[in-house]
Amino acid sequence: MANIKSQIKRNRQNQKRHDRNKAVRSELKTRVKRAVTAADQGDEKAAEIATSAVKRLDKAASKGIIHKNAAARRKSRLQKRINRAAASAES
C-alpha cells in the first residue's frame, strides 16, 4: 500500500476509472450480443438494436474506453453478422 498522499489519491482515481470503464465495456458486450441474437432470430427491430450497439461503440471509442480501431472492427463484424442473417432470412 502506498504511503505517499498523492499516490493514495491516484489509486482512488484509478479504481474509480476502472469501475466506470468496466461498466461501459460490459454494456457494450450486452448490446452487441442483443443485436446478434435479434438478427439471428429474424427480429424486425434488429436494425434498431444494431444501431444502438453501434452508437455505444462509437461513444466508448470517443471517450477512450476502447481504441477507435477496435470500435471500427467490432462494428464491421457486427454489421457483417446482421447482413448475413438478413440474407439467410430472405432466402
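How many residues has helix α3, and how far does α3 reach from its first C-alpha to its last? In this predicted model, helix α3 spans residues 68-90 and has 23 residues. The helix reaches 33 Å from its first C-alpha to its last. That is close to the 33 Å expected at 1.5 Å a residue. Helix α1 was examined in the same way. α1 covers residues 5-40 and has 36 residues. Its reach, from first C-alpha to last, is 53 Å. Just after α1, glycine 42 takes a positive phi of about 75°. Helix α2 then runs through residues 46-63.

The packing of the helices was described pair by pair. Two packed helices are described by the angle between their axes and by the distance between those axes. Helices α1 and α2 pack at an angle of about 155°, and their axes are 9 Å apart. Angles over 145 degrees count as roughly antiparallel, so α1 is roughly antiparallel to α2. The crossing of α1 past α2 is left-handed. On the α1 side, the contact is made by Val24, Glu27, Leu28, Arg31, Val32, Arg34, Ala35, Ala38 and Ala39. On the α2 side, the partners are Ala46, Ile49, Ala50, Ser52, Ala53, Arg56, Leu57 and Ala60. Sorted by class, the contact of α1 with α2 has 12 nonpolar, 1 polar and 4 charged residues.

The second pair is α2 and α3. Their axes come within 9 Å and cross at roughly 170°. This angle makes α2 roughly antiparallel to α3. Helix α2 contributes Ala50, Ala53, Val54, Leu57, Asp58 and Ala61 to the contact. Helix α3 contributes Lys68, Ala71, Arg74, Lys75, Leu78 and Ile82. The residues of this contact divide into 8 nonpolar, no polar and 4 charged.

The crossing of α1 and α3 is left-handed. In α1, the residues that meet α3 are Leu28, Val32, Ala35, Val36, Ala39 and Asp40. In α3, the residues that meet α1 are Arg74, Leu78, Arg81, Ile82 and Ala85. By class, the contact of α1 with α3 holds 8 nonpolar, no polar and 3 charged residues.

Burial was considered next. In α1, the buried residues are Leu28, Ala35, Val36, Ala38 and Ala39. What covers them includes α2 and α3. In α3, the buried residues are Ala70, Ala71, Leu78, Ile82 and Ala85. Their cover includes α1 and α2. Leu28 of α1 is buried. Leu28 is listed in the contact with α2 and in the contact with α3. Leu78 of α3 is buried. Leu78 takes part in the contact with α2 and in the contact with α1.

Alanine 46 is placed in helix α2. Its relative accessible area is 9%. Buried means under 20%, so alanine 46 is buried. Leaving out residues up to four places away in sequence, alanine 46 touches Ala38 and Ala39. Alanine 46 and arginine 34 are 12 residues apart along the chain, and their C-alpha atoms are separated by 8.8 Å.

Alanine 85 lies in helix α3. At 10% relative accessibility, alanine 85 counts as buried. Alanine 85 touches Ala39 and Asp40, again not counting residues up to four places away in sequence. Leucine 28 and alanine 85 are 57 residues apart along the chain. Their C-alpha atoms are separated by 21 Å.

Lysine 5 is found in helix α1. Is lysine 5 buried or exposed? Its relative accessibility is 74%. Exposed means over 50%, so lysine 5 counts as exposed. Lysine 5 and alanine 72 are 67 residues apart in sequence. In space, they are 40 Å apart, C-alpha to C-alpha.

Conventions. Residues are numbered from 1 along each chain as its sequence is written. This is a predicted model: local features need pLDDT of at least 70, side-chain atom pairs count only at pLDDT 80 or more; totals for chains, interfaces and linings use all residues. Side-chain values use heavy atoms; hydrogens and water are left out. Axes are lines fitted to C-alpha atoms, for helices over the stretch in contact, and angles run from 0 to 180 degrees between N-to-C directions. Helices (H or I, at least four residues) and strands (E, at least two) are DSSP runs, numbered from the N terminus. Angles under 35 degrees count as roughly parallel, over 145 as roughly antiparallel, 65 to 115 as roughly perpendicular and the rest as oblique. A crossing is left-handed if the near helix is turned anticlockwise from the far one by less than a right angle, and right-handed if clockwise. Contact means heavy atoms within 4.5 Å. Ala, Val, Leu, Ile, Met, Phe, Trp, Tyr, Cys and Pro count as nonpolar, Asp, Glu, Lys and Arg as charged, and the others, Gly among them, as polar. Buried means under 20% relative accessible area, exposed over 50%, partly exposed in between (1.4 Å probe, protein chains only). The expected span of a helix is 1.5 Å times one less than its number of residues.
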